[in-house]
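Reader: I have a model on the screen and want to learn to read it. Where do we begin?

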Amino acid sequence: MKLVQYPDRNEWTALLQRPVFDAAVLEKKVHKILDKVKKDGDKAVRKFTKAFDGVKVKQPVVTEKEMENAVSRLPGELKQAILTAKDNIRQFHTAQLSTPDVIETMPGVQCWRRSVAIEKVGLYIPGGTAPLFSSVLMLGIPAKLAGCKEIVLCTPPQQDGTVHPAILFAAREVGITKIIKAGGVQAIGAMAYGTESVPQVYKIFGPGNQYVNCAKQLVQSAGIAIDMPAGPSEVCVLADETANPAFIAADLLSQAEHGPDSQVLLVSTDLSLIEKTRAGLDKQVKALPREKTALQALDNSKALLVKNMDEAIAIVNEYAPEHLIVCCRDEDAVAGRVVNAGSVFLGHYSPESVGDYASGTNHTLPTNGYAKSYSGVSLDSFVKKITYQKLTKEGLMNIGQTVITMAEAEGLQAHARAISVRLDQINNQS
């Protein structure tokens, strides 16, 4: 992890740059795969699964027997942990349900908005080096609460051709029954275009590597909605001298172990804390099974020493992290000044890991600076908002001339006439 002391404002953009692939080369590769899936359906999905995952899949759809076998093999302790997380996530997302409020903007003019579930959604669940069964809960629970009629889950198969049992258990608990053994770009293409085994969906959700996220953005340009543009996982820790360097090192490594293209950032007003944290990283990383991956991510990462908390907050807002951990004095007040972040963890005892798994908030969040304009996944992500209006005769008489005046000023006479023809009839009847 590189130390940068007191960076000048004009250096921030370069310092906060995320590691990326060559976009043109990446898109070209992804386009080829998507086009093949669109043309050849299941055949192409099986071909790419064999090529990229090294697995030959005969039956792409998970059967009920496979589901039962997986559930029976899962340790009871893990089952209970998943159930606890499920309850917390459900509680948090249930509170997001809303009922329409009818607003009378003027006498006889009523307006309201109703949430309607997106009928068909696709959930992408990474399952390669780290099977993210937690993402099944994070995406499946709000999809079910919203009332989505068809939920398709795609996840890469393991080397023996099965799906990780924890993914299947979480899916069963959530109520998802359509599970496809496919990952990577080919899974995104299958959900976007539909195949013999995979129904076409209207919106695709889920985290993934740069190939998966590139695929999501490309199918979005073809008319399929996605949850958000995203990239590799990231965390930023904002700390002062009150923070515990061992805690910070552990938090930074919890994201660094995701992948070699992940990035972690430490922003602090205290040089001693940074030095102790870097020493802690060197010590703790050696104990990780994914040490090599974490070390690669740390090569992309920085510790920034800044002059004061005002500058620290400004850098954090410029970076717009996916996850932000605030470990400093008066953390609530400091967090209140943060305007760009996916999810914020306050205080010395709120590690980012709790949000990844079980606190209740959603862990599908904007990365790569998109937290400046995007929110994380919520119940609202799975619904459309349809507006309604209903006018009585009195209401049309009250608002009619306003609309006529505005329409005529814009030169749209038919708009004005749609009002006046009704007003004429009302006046003739009176």
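Author: With one side chain. This is a predicted model. Take Y374: its relative accessible area is 34%, so Y374 is partly exposed.

Reader: Which ring does Y374 pair with, and how are the two planes set?

Author: Y374 forms an aromatic pair with Y370. The centres lie 5.8 Å apart, with 85° between the planes. That makes the pair edge-to-face, because planes over 60 degrees apart are classed that way.

Reader: How many aromatic pairs does the structure hold?

Author: It holds 5. One of them joins W112 and Y388. Here the rings are stacked, with 5° between the planes and 5.5 Å from centre to centre.

Reader: Where do W112 and Y388 lie in the chain?

Author: In distant parts of it, 276 residues apart. W112 belongs to strand β3, residues 109-117. Y388 belongs to strand β14, residues 383-391. W112 is partly exposed because its relative accessibility is 23%. Y388, at 24%, is partly exposed too.

Reader: Which charged residue sits over a ring?

Author: R18 is a case. Its charged end lies over the ring of Y319, 3.8 Å from the ring centre.

Reader: Now charge with charge. What is the general idea?

Author: Side chains of opposite charge can pair when their charged atoms come close. The cut-off used here is 4 Å from nitrogen to oxygen. By that rule the structure has 11 salt bridges.

Reader: Which salt bridge links distant parts of the chain?

Author: Look at R329 and E241, which meet at 2.6 Å. They are 88 residues apart. R329 is in the loop between β12 and α14. E241 is in the loop between β9 and α10. R329 has 46% relative accessibility and counts as partly exposed. E241 is also partly exposed, with 42%.

Reader: Which residues are linked in a network of salt bridges?

Author: K86, R172 and E173 are. Within it, E173 and R172 meet at 3.4 Å. E173 is partly exposed at 22%. R172 is partly exposed at 42%.

Reader: Last, the sheet. How should I think about strand pairing?

Author: Strands of a sheet pair through backbone hydrogen bonds, either parallel or antiparallel.

Reader: How many bridges join β9 and β10?

Author: There are 6 bridges, in the parallel sense. β9 covers residues 234-239, and β10 covers residues 263-268.

How values were computed. Residues numbered from 1 in each chain as written. Predicted model: local features only at pLDDT ≥ 70, side-chain atom pairs only at ≥ 80, totals over all residues. Heavy atoms only, no water. Pairing = 2+ DSSP bridges. Helix = DSSP H or I, 4+ residues; strand = E, 2+ residues; numbered from the N terminus. Phe/Tyr/Trp six-rings, centres within 6.5 Å; stacked < 30°, edge-to-face > 60°. Buried < 20%, exposed > 50% of the residue type's maximum accessible area, 1.4 Å probe, protein only. Lys NZ or Arg CZ within 6 Å of the ring centre and 35° of its normal. Salt bridge = Lys/Arg side-chain N within 4 Å of Asp/Glu carboxyl O.
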